[in-house]
Amino acid sequence: MNTYAAVSTALSPWQLSGVLCAGVMALALAGCAGSPGAAGSLPGLDSPAPARTDAADADESELRRRARIRLELASNYFDQGQTLIALEEARQAIVTDPTYSDAFNLRGLIYMRLNDPRLAEDNFRRAISLNARDANALHNYGWLLCQQARYPEALLAFRQAMSNPIYPERAKTLMTQGLCQARAGQRNEAESSLARSYELDAGNPVTGYNLALLLYQRGEFARAQFYIRRINNSEQANAETLWLGVRVERRMQNQVAMMQLAEQLKKRFPQSREAAANERGAFDE
């Protein structure tokens with residue numbers, strides 16, 4: 001099963017989409033070095049599950065297979081927006097195999113969607129306690145902490161997720177770390193994280209947009225222009241990217257490019273708040 005994003009409809013799609021990953025089934029498990037509770041790791045997590053005997057491993061194989069089937073169902077329901085059914089299937093996966101960290105990770109995402117941060121945190125922490133190398137759970141837990149303005153803990157979780165060099169989702173975690181640093185007012189650090197993410201995945205429009213936005217806010221208009229033009233010259237452009245492009249080109253005194261982007265914004269997204277802002281000339285709001 002592939003990684004998929006869990007996006008809250010209340011959040012800006014260009015600032016926050018794609019920052020969560022389920023981390024179930026075929027995803028590689030990689031991330032923090034050492035176990036929870038070790039020096040420099042997240043505080044207060046349960047101890048990792050004890051090592052199992054060979055006989056227990058044999059028993060677990062059948063239990064894990066059955067749990068995986070349940071988790072596949074839960075993941076599919078979650079992806080389709082059938083959240084409560086997904087929650088029940090994830091619960092059944094955990095009942096079948098209480099040591100299955102991926103099931104707790106997915107249940108954490110489900111509770112995030114249900115706007116229950118306490119239960120989401122409980123499940124992410126349980127996933128990490130069962131598998132200290134579950135970088136996907138660390139990533140998701142970090143974003144949950146960031147939404148609660150618990151920035152030092154969030155950034156620690158992101159660092160632990162990326163501490164293994166074979167973790168395959170480093171670009172996504174660097175992007176999310178950058179968004180969190182921007183929320184925390186750490187603009188220089190946010191730019192560095194987003195730039196590193198862009199180096200790994202230049203095609204991610206969320207990274208490109210937020211990097212361009214940071215540079216625009218810092219007055220580095222030529223650099224912002226480079227990133228936002230790449231998005232607006234592709235099929236990934238939307239009202240937010242076009243509006244940022246309008247403002248960047250205005251600062252660069254490129255009237256022709258500015259008017260072209262403004263016309264696209266008006267034609268393609270006439271009901272958007274960005275189109276309304278453009279009509280008012282509210283370039284600095």
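User: How do helix α8 and helix α9 pack, and how far apart are their axes?
Analyst: In this predicted model, helix α8 (residues 170-183) packs with helix α9 (residues 187-200) at an angle of about 160°. The axes of α8 and α9 are 8 Å apart.

User: Why is α8 described as roughly antiparallel to α9?
Analyst: Angles over 145 degrees count as roughly antiparallel, and the angle here is about 160°, so α8 is roughly antiparallel to α9.

User: Is the crossing of α8 and α9 left-handed or right-handed?
Analyst: The crossing of these two helices, α8 and α9, is left-handed.

User: Which residues make the contact?
Analyst: From α8, the contact involves R170, A171, L174, M175, Q177, G178, Q181 and A182. From α9, the residues are E189, A190, S193, L194, R196, S197 and L200.

User: How many of them are nonpolar, polar and charged?
Analyst: The contact of α8 with α9 has 7 nonpolar, 5 polar and 3 charged residues.

User: A change of topic: how many disulfides does a search of the whole structure find?
Analyst: The search finds 1 disulfide. The disulfide joins C146 to C180, with an S to S distance of 2.3 Å.

User: Where do C146 and C180 lie?
Analyst: C146 lies in helix α6 (residues 135-147) and C180 in helix α8, so the pair ties together parts that are 34 residues apart in sequence.

User: What is the handedness of the disulfide?
Analyst: The disulfide is right-handed, because the torsion about the S-S bond of C146 and C180 is about 120°.

User: Is C146 buried or exposed? And C180, buried or exposed?
Analyst: C146 is buried, with a relative accessible area of 1%. C180 also counts as buried, at 1% relative accessibility.

Note on methods. Residues numbered from 1 in each chain as written. Predicted model: local features only at pLDDT ≥ 70, side-chain atom pairs only at ≥ 80, totals over all residues. Heavy atoms only, no water. Axes fitted to C-alpha atoms, helices over the stretch in contact; angles between N-to-C directions. Helix = DSSP H or I, 4+ residues; strand = E, 2+ residues; numbered from the N terminus. Parallel < 35°, antiparallel > 145°, perpendicular 65-115°, else oblique. Left-handed = near helix turned anticlockwise from the far one by under 90°. Contact = heavy atoms within 4.5 Å. Nonpolar A, V, L, I, M, F, W, Y, C, P; charged D, E, K, R; others polar. Disulfide = S-S within 2.5 Å. Buried < 20%, exposed > 50% of the residue type's maximum accessible area, 1.4 Å probe, protein only.
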